Amino acid sequence: MVDFNLRIAGAAGQGVETMGELLTDTFAHLGLHVFTTQTYMSRIRGGLNWFDIRIADRELFSGREQTDLLVALRPEAVELLGKELAEGGRILFGGDAREGVIAIDFEGVAKELTGATVMANTVAAGAVVALLGYELAPLFARLEAIFLGKKGREVVEANVRCAQRGAELVAPHAGQLRAPEAGVGRPALQFTISGNEAIAYGLAAAGVKFVSAYPMTPSTGIFTMLARIHEEYGILVEQAEDEIAAINMAIGATYAGVPAVCTTSGGGFALMVEGVSLAGMLELPAVIVLGQRPGPATGLPTRTAQQDLRFALHAGHGEFPKALYAPGTPQQAFALARVALETAHKYQTPVIMLSDQFLADMRKNMAALDTTLRPIDRHIITDPSEDYLRYAVTESGVSPRALPGGPALVVMDSDEHTEDGHITEDLSARVRLQDKRSRKYDGMRAEALPPERYGPEDAKELLVCWGSTYGPCREAVDRLNSRGRGIAMLHFSQVWPISAQGGDGLRRATRVTCVEGNQTGQFAGMLKEAGLVRECALMTKYDGLPFTGEEIARRLA
Amino acid sequence: MTLGKPFFDMDIAWCPGCGDYSILRTLGKILDEMQLDRRKLVLVSGIGQAAKLPHYTRANVFNGLHGRALPAAVGIKLANHELEVVITSGDGDMYGEGGNHFIQNLRRNVGIKVFVHNNQVYGLTKGQASPTSDLGFVTPVQTEGVVSPPFNPLAIAVAEDCSFVARSFAGDPAHLGRMMRAALEHRGGFALLDILQPCVTFNKVNTYQWYRERVRPIDDSHDPSDRAKAFALALTWGDEIPIGLIYRSTRPSFESQQCALREGTLVGRHEVTGA
């Protein structure tokens, strides 16, 4: 496999992300497999951010540590990231000539051609595509797709001239880099989506109708994407005054019968916790997307971590059923957004979906997802009798749910209540209702998603992971097996309740390593508590950066 | 047959003589007079003595968390704006714990009705100061008397151009009924009705007698669209306390500006397209 890593680095505000997305789309149209990650600082201007685009001739699941081509929009990028160049790698520098770099004054070229510097990054994009030896037509087509409707033909043509000029300027360096061959004859996977976008589309397609949130990295992208598509899907999107309002608004909306969701991160989720408990008591299907980031407190706002698993598991005073999902790829994120809503509605209880900055910003190309609106079953009864009891005690623990405004009155109380929903201090009723709520776990456990196993069936060594660590672990398995290691991966995309089937693979393994983006091995501890594993090595990481496949393979060696 | 029964006849946990009884009775009477379909009525509350009121009624009930009646009610109303959503809350619940929601929802202007039982004291926790306690009010916690000036919900509501701002007194059921009815009939958005409600157990200062000597119905000549005069009325407190409709604004409601609600209720949209 020819595997190429391109890194675009510049200050916040220099258009690093825009250029990254332009090239990602271009590579996808060239029939390549693309996987991108982002590393950025918590600031709007300045600093140094970078956008990695990894391309190959087969599907990718992880980022890479080293760079084959560094596009440096700032001199600091050369100094800081030049060290991470792979063997034979090159630096394309937007500035004056200096030793060891291919220097092109992107801004100067743009100014000369168009009279302004705004198209400097298009010059760079043209240079990149040419350096990698690809035809320019797909880049031109992307430029037309972006600018024709918004800015008109003249702007498209100016951009094309800039890209063309960038390509001409790197002609002397042609053939210096070895990039994967464009997918001749392979159907191009032109659909690209990020983790955050996939969550948003998954929720929208499953029929979410109400979104209340307070912006917080790294989940803000879900909120803004839902706002962008709200008209198409008929969603009411409201920015709440704080996360306490967000969760209580969502719970109110679910009471009235509308699938609702909140997006947040650790600190915001901390404020929502009383609301999580309320949803547990009222038995309402609140769904929260928790984009984890390194804590405690404000921590590293724009970096990645898997540190809030135990927090989410135990969030909410008292005892009540809850499900936790943790997708590992944009495809899983899209599918699990629906599953999260379905579980919440079927069992009338809060569900949390764990994400993080790595998954949020991870973008890859794939066969198009079906984003058609196909609303979930809300499990509503429409013909309750007049003596309807909201909390009728049932064997499954799930009481028939009616909506206010229908034939019966619907009474819900955060106090302990009797079956009719009214406040009570009858302690035997308390036990009956607590038992009823807890019984929902029987069904939820039986339906818990089994972990996905990847790798040889007979492998005795196992990497265990959850959430966004899916891709790096999967790549590590491939890397190690290509050297004859005999290792497989077990990935949990539902981390609570834990599927009993997880135990089968775990018991057969002779060596188990749990790979987690935290310091204490939170999931390993949960597996031990569940009696699914006895001995388990830990591979942890909590420096704010995601794992890579090569890193895991190296650390296991 | 729940709906055939009277609006309230339950075992009630309030102290004998509590101002809350008058609020409950008056609400029942007005709802009957208006012939409001109780199946379309949702009573929302947080925690406190006032927040127990929904349990003493036959209506849809959402009794949520302390201080959080407002966001829950907003969620309910936006999910189904054909429901009549009424909050019954106390001064601690609404102006203290829920203060930020109060400030922000005056701006948001969702068409919910907010009835605040304002007794200037914490009842359920036994007699501490509330945000509306007067200066010098002595309690088991504020042993040397309250030193922070009282929160003025009406002045803040007028300052934020709240669409309906009124005050009434639990000791004057006729006046209270008129104000409740006006609030329930208000169609422009958020309606705030602050109700002076004597607490006979924990507030020995602001008694029925104390309020009776001070409340003065606002003169018929007052134009509720005159914001400066409304603000002056809202600031009036002490020897004379004005009661009545203080302010009414004509700005559009939140719901009327949402494209997702243009074709009907959100919950209706789900029913059309889904299961």
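**Where the chains meet, and what lies around**

Mentor: Strand E15 (residues 411-413) of chain A and strand E2 of chain B pair in the parallel sense, over 3 bridges. Two strands pair here if DSSP finds at least two bridges between them. Helices (H or I, at least four residues) and strands (E, at least two) are DSSP runs, numbered from the N terminus. A:Met412 has B:Phe62 as its bridge partner in E2(B).

This is a predicted model: local features need pLDDT of at least 70, side-chain atom pairs count only at pLDDT 80 or more, and totals for chains, interfaces and linings use all residues. Residues are numbered from 1 along each chain as its sequence is written, while chains are lettered from A and ligands numbered from 1 in the order in which they are written.

Now widen the view. The contact takes 46 residues from chain A and 42 residues from chain B. Residues are in contact if their C-beta atoms, placed from the backbone, lie within 7 Å. On the side of chain B that touches chain A, strand E2 (60-63), helix H2 (69-79), helix H4 (99-108) and helix H9 (266-273) each supply at least two residues. H2(B) gives the most, with 8 residues. By class, this side of chain B has 21 nonpolar, 14 polar and 7 charged residues. Nonpolar means Ala, Val, Leu, Ile, Met, Phe, Trp, Tyr, Cys and Pro; charged means Asp, Glu, Lys and Arg; the others, Gly among them, count as polar.

Stay with chain B. B:Phe254 sits in the loop between strand E8 (241-248) and H9. B:Phe254 counts as buried because it has 22 C-beta neighbours inside 10 Å. The cut-offs are 20 or more other C-beta atoms within 10 Å for buried, 12 or fewer for exposed, and partly exposed in between, with C-beta atoms placed from the backbone. Leaving out residues up to four places away in sequence, B:Phe254 touches B:Arg108, B:Asn109, B:Val110 and B:Gly189. B:Gly111 is 143 residues from B:Phe254 in sequence, yet their C-alpha atoms are 7.6 Å apart.

Two loop residues of chain B deserve a check. Most residues other than glycine have a negative phi, and most peptide bonds are trans. B:Lys126 has a positive phi, near 75 degrees. B:Lys126 is in the loop between strand E4 (113-118) and helix H5 (153-159) of chain B. B:Lys126 has 11 C-beta neighbours inside 10 Å, so it counts as exposed. B:Asp161 also has a positive phi, near 60 degrees. B:Asp161 lies in the loop between H5 and strand E5 (164-169) of chain B. B:Asp161 has 15 other C-beta atoms within 10 Å, so it is partly exposed.

Back to chain A. Chain A is divided into domain 1 (3-183), domain 2 (193-366), domain 3 (380-447) and domain 4 (452-556). These bounds come from an automatic or database domain assignment. The C-alpha centres of domain 3 and domain 4 of chain A lie 39 Å apart.

Further along chain A, 5 strands form an open sheet of mixed pairing, in the order E16-E18-E17-E20-E21. E16 (452-454) and E21 (537-540) stand at the edges with a single partner strand each, so one side of each has no neighbour in the sheet. Inside the sheet, E17 (461-466) and E18 (487-492) of chain A pair in the parallel sense over 6 bridges. A:Glu461 stands opposite A:Ile487 in E18(A). Helix H16 (470-482) of chain A lies across E16, E17, E18 and E20 (511-516), running at about 170 degrees to E18(A). Such angles run from 0 to 180 degrees between N-to-C directions, and axes are lines fitted to C-alpha atoms, for helices over the stretch in contact.

Finally, the cis bonds. The bond from A:Gly295 to A:Pro296 is cis, with omega near 0 degrees. The bond from A:Trp496 to A:Pro497 is cis too, with omega near -15 degrees. A:Pro497 is in the loop between strand E19 (494-496) and helix H17 (502-508) of chain A.

Definitions and conventions: Contact = placed C-beta atoms within 7 Å.
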